[in-house]
Amino acid sequence: MLGGAAFADGHAKLSGDLKIFLDTSNPAPRAAMEGAIGRFGEKHPDLNIETTVIDREAYKTQIRNFLTADAPDVATWYAANRMRPYVEAGLFEDVSDLWEEDMFKEDLASTKGAMTIDGKQWGVPYTYYQWGVYYREDIFKELGLTEPTTWEEEKANCAKIVESGRACYTIGTKFLWTAGGWFDYMNMRTNGFDFHMQLLQGDASWESDEVKATFANWKELIDMGGFIANHQTYSWQEALPFMVNGEAVAYLMGNFAVAPLREAGLSDDQIDFYQFPAINPDVALAEDAPTDTFHIPANAQNKDAAREFLRHMASAEEQTIINAGDALGQLPVNAKASVDDDEFLNQGFAMLSSNSPGGVAQFFDRDAPAEMAKVAMEGFQEFMVKPDQVDSILSKLERARGRIYK
Amino acid sequence: MTQAALPTASAPTRSYWQRNQQTLAPWLFLIPAILFFVFYVIYPVFQSFNLSLYVWDGLGEAEYVGLRNYEDLYYEFQDRDAFYTSLKNNLIWLVLYLLAIPAGLFIALFLNQTVTGIRLYKSLFFFPFVISQVVVGLVFTWFYDPAFGILNVVLGWVGMGPINVLGNEYTVTYGIILAGLWPQTAYCMILYLTGLNAVNPEQIEAGRLDGAKGLRMLWHVVLPQLRPATFIAFVVTIIGALRSFDLISIMTGGGPFGSSRVLAYYMFEVALSEYGFRMGYGAAIAVVLFAIMMVFIAYFLWSMYREEKR
């Protein structure tokens, strides 16, 4: 961290304009980002920084326009396949030179793979967060359950929960991606990280025995009434009350679910977290941990300042501050940064750094190409409503694979 | 043009502008509108035709593929996939949306009386047309909600099980159309109310003397006089049904598993939404939608032309 700062001071004075586009539109992340930009501005008083914050959903469509027409100098986006269209269209700047520097090479090594396409790096990560099962600790105690580590325990727990008149899991699949999270875990636990990636890259068949096994496992939970009814009409937020009211006991989600659960009145004694249990004991545990990133558009005007800003955002010092519980409430990517003392962040950090030997995936819709993600997640939603249709759903996905990957 | 044929005694003193003012002036006023129409409507239509022959993600080079996008649409149709669903739902929309016309007429007849406070009632009936489609969509989403929606509460009173209208692939489209009918009926009602104001009281009187009343009066005397209103109601309802988009986007996002899509929404999904950006394919869908609209537009233009000639 000191090295980074010294390096920045040693650099020639930065001047001119630096235009930054952000998709961190929620109040807390927005404030965290503005704080980080403010500290960067203090270091470089001659630099005129303009920040534009765009609504997160709108950003996803606007980025295509502003990258080509009126590019900022720095823009937020996501790692892995989600950045591929822009990399391939030549709209993101190659920042491999940054990744040669010591700080990146050593402290950010864990995400280098997610930032790499064609052997080059195209951006810098600033945060990531774990996925896992958030559950009602008090209900577990009431029913005498413990955190499951195997599939058998998981199903035994679920059977007891269903018996008590509750659903094991809440989920809202209206916007599809939540079902993608379930598929990620079911498939990574059944077939492992490598097969999962092959499938998402289009190198494995959706009608293979492996994928069928994944769906068979998933179907066990569905058939026993493990999921809340009518989930296809709810967004992920609309599915939260089921857990808050105790009608459902757990939620497979990203760490961002903790804040709304707390706001809804659940105390930390009532919520807890466990890693998704193993299904196939021969398969190493792998996790979903989506990474959010900064990029320099190829058409940026002030690339020197932009590179300096990326160094700033990658530094251990900054990442500690912006990922704190009262800011983003997520995990810093920089290994030298410290994790805020929060029950869930600690558990997530421990899980990702020492208990995911299989690997770390981004997320279904970031690892798979967008078109495939859409078709597949629609299939998952249909499967969760009509599990008996699995064969026709898989053949549809297989046809989509034939069309999409060329 | 008739100006030019006038005797030319004083012609040398009059400029071209002075001679042709009568014919040129309207065109001058029309030019801005025509230019905008050509650039923002006609030209993009042809651009879409052209784009539908390419594969393009909106960023890189467009690749010419001939009619392959249409071929893919055809296969989707055969497989009863997304395109088939959209087309089928569009047809359901077209047919059921027309219910707004008789419903509007019925309410208009009902409200066309002189009672104290009738203006208030008329406003209340017209109200749904004034509020945004987004609000209509949200209100109906809550109405249908399987957990706390009033629909299921009422069904519970009469001992019927909860139904998830928007979560069931067989009911979702009808549920959305019902939501759409609410404002559309109000629109048709207002068209008929104005139409009823223009009904000739002497003809009603004459009809009454001849012993017509009730349905006979409505069918043979009133309705023929409401023809212009019916025509407009028909036009706006057909167009409204074909462009149905906002309600679907708000209430279901095309779901569950794509079963409430219509062509306009599918086009948006494919070309412009988060996982889309198949511009050529989207354009091909748009062309199909355009072709369907063209059938109706041609019919409207033809019947308007016939009216004018009379």
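## Ground rules

Helices here are DSSP runs of H or I with at least four residues, strands are E runs of at least two, and both are numbered from the N terminus. What you're looking at is a predicted model, where local features need pLDDT of at least 70 and side-chain atom pairs count only at pLDDT 80 or more, while totals for chains, interfaces and linings use all residues. Residues are numbered from 1 along each chain as its sequence is written, chains are lettered from A in the order in which they are written, and side-chain values use heavy atoms, with hydrogens and water left out.

## Cavities

A cavity, on a 1 Å grid over the protein atoms alone, is a set of points where a 1.4 Å probe fits but cannot get out, and its lining residues have an atom within 4 Å of a point. Grid points are joined across faces, edges and corners, and the volume is the space filled by probe spheres set on the points. That gives two cavities of 30 Å³ or more.

The largest cavity comes to about 50 Å³. Helix H8 (151–163) of chain A, along with strands S8 (167–169) and S9 (248–254), each give at least two residues to its lining, and H8(A) has the largest share with four. Among the lining residues are Phe140(A), Glu154(A), Cys168(A) and Tyr274(A). Eight of the lining residues are nonpolar, one is polar and one is charged (Ala, Val, Leu, Ile, Met, Phe, Trp, Tyr, Cys and Pro count as nonpolar, Asp, Glu, Lys and Arg as charged, the others, Gly among them, as polar).

The second largest cavity holds about 30 Å³. Its lining draws on Lys174(A), Gln232(A) and Thr233(A), plus Leu166(B), Met251(B) and Thr252(B).

## Where the chains meet

Now for the contact itself (heavy atoms within 4.5 Å): chain A brings 31 residues to it and chain B brings 27. Together the chains bury about 2400 Å², 53% of it on carbon and sulfur atoms; buried area is the accessible area (1.4 Å probe) that two parts lose on being put together, summed over both. On the chain B side, Leu59(B), Phe257(B) and Tyr275(B) supply 36% of the area buried against chain A, more than any other three residues.

## Salt bridges

A salt bridge here is a side-chain nitrogen of Lys or Arg within 4 Å of a carboxyl oxygen of Asp or Glu. Eight of them cross the interface of chain B and chain A. One joins Glu371(A) to Arg278(B), with the closest N and O atoms 3.1 Å apart.

Over all chains, the structure holds 38 salt bridges. Another pairs Arg39(A) with Glu318(A) at 2.8 Å between the closest N and O atoms. That pair links distant parts of the chain, 279 residues apart: Arg39(A) sits in helix H2 (residues 27–43) and Glu318(A) in helix H14 (residues 316–322) of chain A.

Methods
1 Å grid on protein atoms, 1.4 Å probe; cavity = no way out; pocket = protein on both sides within 12 Å on 5 of 7 lines; lining within 4 Å.
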